[in-house]
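Here is a short tour of one protein model, written to be read with the structure open beside you. Let's begin with a helix and the elements around it.

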Amino acid sequence: EAALIRLLNKPVRIAAAGRTDAGVHATGQVVSLDVPVRWTPHELRRALNAVLPEDVWVSASAAADPDFHARFSAIARGYVYRIGTADITASPFLRHRCWPMRQALPLDAMNDAASRLVGEHSFLAFAKAGQPERGDRCTVHRSDWRPWRTYGLEYHVVANRFLHHMVRYLVGTMVDAARGRRPIDEIDALLRGTTDLETSPPAPGEGLYLSRVYYSPAEIQEESLDETVPG
């Protein structure tokens, strides 16, 4: 907003598709705003990137319908979480972009845990704080672990909504289950709301990326448009 005020010489408010916690990254953030017609999307993108701070970059811009809203028009969001199992992920170049665990994790066990999350469930156990006005039920469209180059593993999850710290609690619990620190069936029990169980500690924020915002059902179904993170 400060950059836009500098360019447009008037107060500007933007709408963002989502917010992230401290340490979390956003490679697929979407914002919407009204600008004077003399600005083309291409010109605005170039001008913004010239004045934005070095940790913010506009990767694309486009004209939208007048009723488009970055947050309220969205029907789903995608996140990626990266775990570094290779020793190099503790280097200064990677350790702030992943969870540098530097220990092997069994991919099959991680995917066994992830597959249990697909569908509509109560994720209250996996949230730092609930949202009483909206409830705690979320529909997970996709949930799976994949190799992250030679560095480790990355978790891809797409859902209609996410609760506060939900992905980080899910990752922390899946890791403990895959390493044999807790029975994997406890994930099902947590989704059922079993009161005598708690999740594992949340995974660090540095490994989490808001990677994509979805605005149509077709986008969710097309694997070719799956969420990606550079690097």
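Contact here means heavy atoms within 4.5 Å. Helices (H or I, at least four residues) and strands (E, at least two) are DSSP runs, numbered from the N terminus.

Which residues of α3 are buried? In this helix, which spans residues 107-115, they are M110, A113 and A114. They sit on the same side of α3, because the arc they cover around the axis is only 100°. That arc is taken from the directions from the helix axis to the C-beta atoms. Buried means under 20% relative accessible area, exposed over 50%, and partly exposed in between (1.4 Å probe, protein chains only).

## About the model

This is a predicted model, in which local features need pLDDT of at least 70 and side-chain atom pairs count only at pLDDT 80 or more, while totals for chains, interfaces and linings use all residues. Residues are numbered from 1 along each chain as its sequence is written, and side-chain values use heavy atoms, with hydrogens and water left out.

## The protein as a whole

The protein has six helices and nine strands. With a radius of gyration of 19 Å, close to the 17 Å that the globule rule gives for 231 residues, it is as compact as a globular protein of that length. The radius is taken over C-alpha atoms, and the rule is 2.2 Å times the number of residues to the power 0.38. Along the principal axes, the C-alpha atoms fill a box of roughly 60 × 40 × 30 Å.

Of the 231 residues, 43% count as buried. Among contacts with a separation of 6 or more, 65% are between residues 24 or more positions apart. The protein exposes about 12700 Å², and carbon and sulfur atoms supply 51% of that area, as computed by the Shrake-Rupley method with a 1.4 Å probe; for residues, only the protein chains shown count as cover.

## Helix α2

Helix α2 (residues 41-51) has L44, A47 and L48 as its buried residues. These cover an arc of only 100° around the axis, which puts them on the same side of α2. An α-helix has 3.6 residues a turn, so residues three or four places apart point the same way.

What do the buried residues of α2 pack against? Their partner is α1 (2-8). H42, R46 and A50 are exposed on the other side of α2.

## Salt bridges

The structure holds twelve salt bridges, each a side-chain nitrogen of Lys or Arg within 4 Å of a carboxyl oxygen of Asp or Glu. One of them joins E154 and R82, with the closest N and O atoms 2.9 Å apart. E154 lies in strand β8 and R82 in strand β4, so this pair ties together parts that are 72 residues apart in sequence. E154 counts as buried at 11% relative accessibility, and R82 is buried too, at 3%.

D188 and R116 form another, their closest N and O atoms being 2.3 Å apart. Since D188 lies in helix α5 and R116 in the loop between α3 and β6 (119-122), the pair ties together parts 72 residues apart in sequence. D188 is partly exposed, at 22%. Salt bridges link D112, R116, D185 and D188 in a network. Elsewhere, D176 meets R181 at 3.8 Å, N to O; D176 is buried at 16%, whereas R181 is exposed at 57%.
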